[in-house]
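Reader: I am new to protein structures and would like to learn how to read one. Could you walk me through a few features?

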Amino acid sequence: LLSLVMLAGLTGPAAAESPSDRWAAQTTPAPGAPRSIGEYSAGCVQGARALPLEGKGYLVMHPSRVRFYGHPTLLAFLQNLGRTVRAHGLAPLLIGDMSQPRGGRAPGGHASHQTGLDVDLWYWTPPNALRHPPTPAERESLKALTVLDGKTQALQPRWAERVTELLRWTASDARVARVFVHPVIKRALCAVPDTDRAWLAKVRPWWGHDDHFHVRLACPSDSPNCTPQAAPPAGDGCAELGYWFSDAARAEREKGQQDYQAKVARAPTMPKLCEKLLE
């Protein structure tokens, strides 16, 4: 009886369907040739492909969330990065959210990841993950952990080499438009002697990315209705990094968190092509 009452409450007028619910309800990709449509934070993906839940050098985490879909370009990028990770003898790459089967807004506040071109990758891996990868049950229960020292707010030395290599390989890929990391991690990268610093331009500081880095691919050539993001500023981005550790940046962060919550609460204006994918 209690279950029936609860079900009646969930299906009643008070439980109005949100925009994210409409996209989360899609369990299969939209038919048609692969196309990323719209903006990264207001778009969708047609003909998405599911990334195999495990492959050479990588594992998909929390597969029950069903956010392991993307444009084929994203799948190729991840599989290539996984092979690179394995070739260098590192523990498997742990993959967080990609996109839903048809993209769109996902429940839980993720504003981006809508066009099949974004993915969250964990820095951290469990101890002995190279010899004993996480089991299916662990892949559902484990959570990404920060690689920063809570006291010093610096990158933990034991993670420095893995983090640096992962970010260098990622940002050096021509398909990648941006890589979002915590400002402290960007600062650590800027301190590493490196004759080739061009890849650092794509690595952009952004709050909250201390347990994962967010990779964003450029719009594929097969997707004329994909809205690209402006290219990052010229240079390696290290000279202006000091701002992120200023009082002004902290104030902007607090305001930005409020603005972000308001933005998440609003339904974005979706392209008409995306609305057709829901029909």
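Predicted model: local features only at pLDDT ≥ 70, side-chain atom pairs only at ≥ 80, totals over all residues.

Reader: What is a disulfide, and how many does the structure hold?

Author: A disulfide is a covalent bond between the sulfur atoms of two cysteines. Here the term is used for a pair of cysteine sulfur atoms within 2.5 Å. The structure holds three disulfides. Counting bonded cysteines along the chain, they follow the pattern 1-6, 2-5, 3-4.

Reader: Which cysteine is joined to Cys44?

Author: Cys44 is joined to Cys274, with 2.1 Å from S to S. Cys44 lies in strand β2 (residues 42–46) and Cys274 in helix α8 (residues 272–277), so this pair ties together parts that are 230 residues apart in sequence. Helices (H or I, at least four residues) and strands (E, at least two) are DSSP runs, numbered from the N terminus. The torsion about the S-S bond of Cys44 and Cys274 is about -90°, so this disulfide is left-handed.

Reader: Is Cys44 buried or exposed?

Author: Those words have cut-offs: buried means under 20% relative accessible area, exposed over 50%, and partly exposed in between (1.4 Å probe, protein chains only). Cys44 is buried, at 0% relative accessibility, and Cys274 is buried with a relative accessible area of 0%.

Reader: Where do Cys190 and Cys238 lie?

Author: Cys190 is in helix α6 (residues 183–190) and Cys238 in the loop between β11 and α7 (247–265), 48 residues apart. A disulfide joins Cys190 to Cys238, with an S to S distance of 2.0 Å. Then there is the disulfide of Cys219 and Cys226, whose sulfur atoms are 2.1 Å apart. Cys219 is partly exposed, at 23% relative accessible area, while Cys226 is buried, at 7%.

Reader: Now the strand, please. Which way do the side chains of β8 point?

Author: In a regular strand the side chains alternate between the two faces of the sheet. In β8, Asp118, Asp120 and Trp122 point one way and Val119 and Leu121 the other way. Five of the five residues of β8 are buried, so this strand is largely enclosed by the rest of the structure.

Reader: Which strand is joined to β8 by bridges?

Author: Two strands pair if DSSP finds at least two bridges between them. Five bridges join β8 to strand β11 (residues 212–217), and the two run antiparallel. Asp120 stands opposite His214 in β11.

Reader: And what is a salt bridge?

Author: A salt bridge is a side-chain nitrogen of Lys or Arg within 4 Å of a carboxyl oxygen of Asp or Glu. By this rule the count comes to nine salt bridges. One of them is between the side chains of Arg67 and Asp97 (3.1 Å, N to O). Arg67 lies in the loop between β5 (58–60) and β6 (69–70) and Asp97 in the loop between β7 (93–95) and β8 (118–122), so the pair ties together parts that are 30 residues apart in sequence. Both Arg67 and Asp97 are buried.

Reader: How far apart are Glu165 and Arg168 in helix α5?

Author: Glu165 and Arg168 are three residues apart in helix α5 (residues 157–171), separated by about one helical turn. Their side chains meet in a salt bridge (2.8 Å, N to O).

Conventions. Residues numbered from 1 in each chain as written. Heavy atoms only, no water.
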